[in-house]
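Dear colleague,

Please find the structure below, handed over for your own calculations. My notes on what was found in it follow directly after.

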Amino acid sequence: MPKLRLIKREEDSFLARVLVPVVSVILAFVFGWAFLSLSGYEAGDVYSRMFKGAFGTYYALSETIVKAIPLMLAGLAVSLAFRMKLWNIGAEGQIYMGAFAASGVALAMGTYSPFIVIPLMMLAGFTAGGLWGFIPGALRAYWHVNETITTLMLNYVAISWVDYLVFGPWKDPASKGFPLSPIFAQSAQLPNLGDSRVHLGLLIAAVVAIVFYLIIQYTRWGYEVRVIGESQEAARYAGMDVARNMLLVMVISGGIAGLTGMIEVSGITHRLQQGISPGYGYTAIIVAWLGRLNPFAIIMVAFLFGALLVGGFGVQLAGVSFSITQVLQGAVLFFLLAGEIFMKYKLAIVREEAE
Amino acid sequence: MDTAAVAALLAATIVSGTPILFAAMGEILAERSGNLNLGVEGMMLVGAVSGFIVTLSTGNHWLGVFAAVVSGGLMAAIHAFITVTLRGNQVVSGLALTIFGTGFSGFLGKSYQGAPMFFSFKDLPIPVLSELPFVGKVLFSHDILVYISLILAFIIWYFMYRTKWGLTIRSVGENPQAADAVGISVSRVRYFCIMVGGMLAGLAGAYISLAYAPTWQENMTAGRGWIAVALVIFALWNPLRGILGAYLFGGVEALTYWLQILGVNISSFFLNMFPYIITIVVLVMVTVRSRDDAASPEALGLAYDREER
């Protein structure tokens, strides 16, 4: 009897590595099509609105890039932790902390030269986000406390903290009751590129991606991170300080997420406000996984998910809930996970005598 | 505070702890079989919305509970298929389930946002017992799902520690290779535990939308699913210790609410942080105390591949 069986791959298949994510995205949209149709929507119409909303005009395209920037940075942030199998799902809170600290600098010293204010804001954002990564990182590294739960719990704390500030001490008296801080001085705002809302953050994200790639591929530390991710035992055996590296990775991961928050307030909102991140930290997890933790793939996937977000706003006008974007995101991840089996195994027809 | 106020606070503690207890029991079951399902929050949300919609359209809250249980089980089946059959990464699959469930529930519940629930579960004081001073108010004057959650905790404990099936489940979570060798189907056991776990998460969601806060709000579980996951560690994978933990977290929530009502001079934003910070603190204390990880199922989080024996 010929039978279909899964055979373990001897080595990585490049084709499978590229094909599986692409097919997962396609299948997720096919699933979404069925889902929308069953819910009584004209799926073709919803998708075409989504596409036009994301790419249809110059403005739409620029908005897609605007949304892709935080996803790129946050995706890179979590990808570093994921490499070491540290499940940092606290990027959301780290973004809020970064936004908070950067806003503090902007509000206090906005009148100085941008060449002083912007770097200080970046430093503050990185530090605050890094601290938000340091807490679960230290607990994980030295006391074995589950980082999935601590990072997630800290998200709620950070969001409440920013809410407290914008409803309370930092509230702009001129905001007529809206939870907004005063607007930053010009020197605390990241310059835009051209006449769009796309800002310097795009370049920062690109630089971070390149630096990540170089560090991971070519430095001794990057090598240690990769080894620890593969096997902690092997790393310990080779004399690597696993705990210290874990802590370092969580701080950098949190720091980059914090930088994401800084870039959002400095580049887009120009003030601290409630809901500064509409879940970028969570979407970043999907972006990182879909990009197979490769920095350049993450940049491209972030662009796709930026489009999904902007397109999602577009379909709201047609009466479709914005939640459809989350349904699609979840579906992408499901198909990707299901497809990963083809990266590890190959399908083969085998003739078997007897089991 | 007088006695009546203390009784009311403790009663509120139990009610706040009940959804966490349902969800934590489900997660205990799944993790005992060696599977980590981080999709509790998503399964709860889908349970909450489907329970709400079915109850509102049929007028029968038991049908709503049924719908919630079924939808929670189906959500869990996706996770089971990916992690057991396809041996995918359990952490990422659970996260996907939460993201998917959040979106799916928001999508389904869009036109019900903020709608009140007329057919919610009402308190069902137990005759005689509820007349007892203090204890009657604290323990015996709740809706029926509270009683069910407690009974269920005992049943699951008995099932897990005193029956052959329970032994089977635990052996699959500790050493799937050995279980397989004696003829136990590892995947069947895991499918069962993951899906029953999902059903309980769905029930937990329905408790929130049909009894605790009878309405539908997007994201109304507000992290309780995650607190339930943390609680499993606190409970050392034991449903009876789970009761204790659930009421501890329920107590923090009830206290937060009370302090707000009493007008204590702390910003409500700080009070809102309280349950999450307590969760971290408790998790740290429990983890540090049980350093050797003895309580954790040995094969937790690992996919079982027969060929890698």
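The side chains of Asp45(A) and Arg49(A) form a salt bridge, at 3.3 Å from N to O; the term denotes a side-chain nitrogen of Lys or Arg within 4 Å of a carboxyl oxygen of Asp or Glu. Both Asp45(A) and Arg49(A) belong to helix α2 (residues 43–55) of chain A, where they stand 4 residues apart, about one turn of the helix. Over all chains, the structure holds 7 salt bridges.

As to conventions, this is a predicted model, in which local features need pLDDT of at least 70 and side-chain atom pairs count only at pLDDT 80 or more, while totals for chains, interfaces and linings use all residues. Residues are numbered from 1 along each chain as its sequence is written, chains are lettered from A and ligands numbered from 1 in the order in which they are written, and side-chain values use heavy atoms, with hydrogens and water left out.

Turning to the interface, 49 residues from chain A and 46 residues from chain B are in contact (heavy atoms within 4.5 Å). Chain A and chain B bury about 4,100 Å² between them, 79% of it from carbon and sulfur atoms; this is the accessible area (1.4 Å probe) lost on being put together, summed over both parts. On the side of chain A, Ile149(A), Met153(A) and Phe334(A) lose the most area to chain B, together 16% of what that side buries.

Within chain A, the axes of helix α12 (residues 295–316) and α13(A) (323–339) come within 9 Å and cross at roughly 150°; axes are lines fitted to C-alpha atoms over the stretch in contact, with angles from 0 to 180 degrees between N-to-C directions. α12(A) is therefore roughly antiparallel to α13(A), the label for angles over 145 degrees. Phe305(A), Leu308(A), Leu309(A), Gly312(A) and Val315(A) of α12(A) meet residues of α13(A) including Ile324(A), Leu328(A) and Val332(A). Helices here are DSSP runs (H or I, at least four residues), numbered from the N terminus.

Yours sincerely

Note on methods
Buried area is the accessible area (1.4 Å probe) that two parts lose on being put together, summed over both. Helices (H or I, at least four residues) and strands (E, at least two) are DSSP runs, numbered from the N terminus. Angles under 35 degrees count as roughly parallel, over 145 as roughly antiparallel, 65 to 115 as roughly perpendicular and the rest as oblique.
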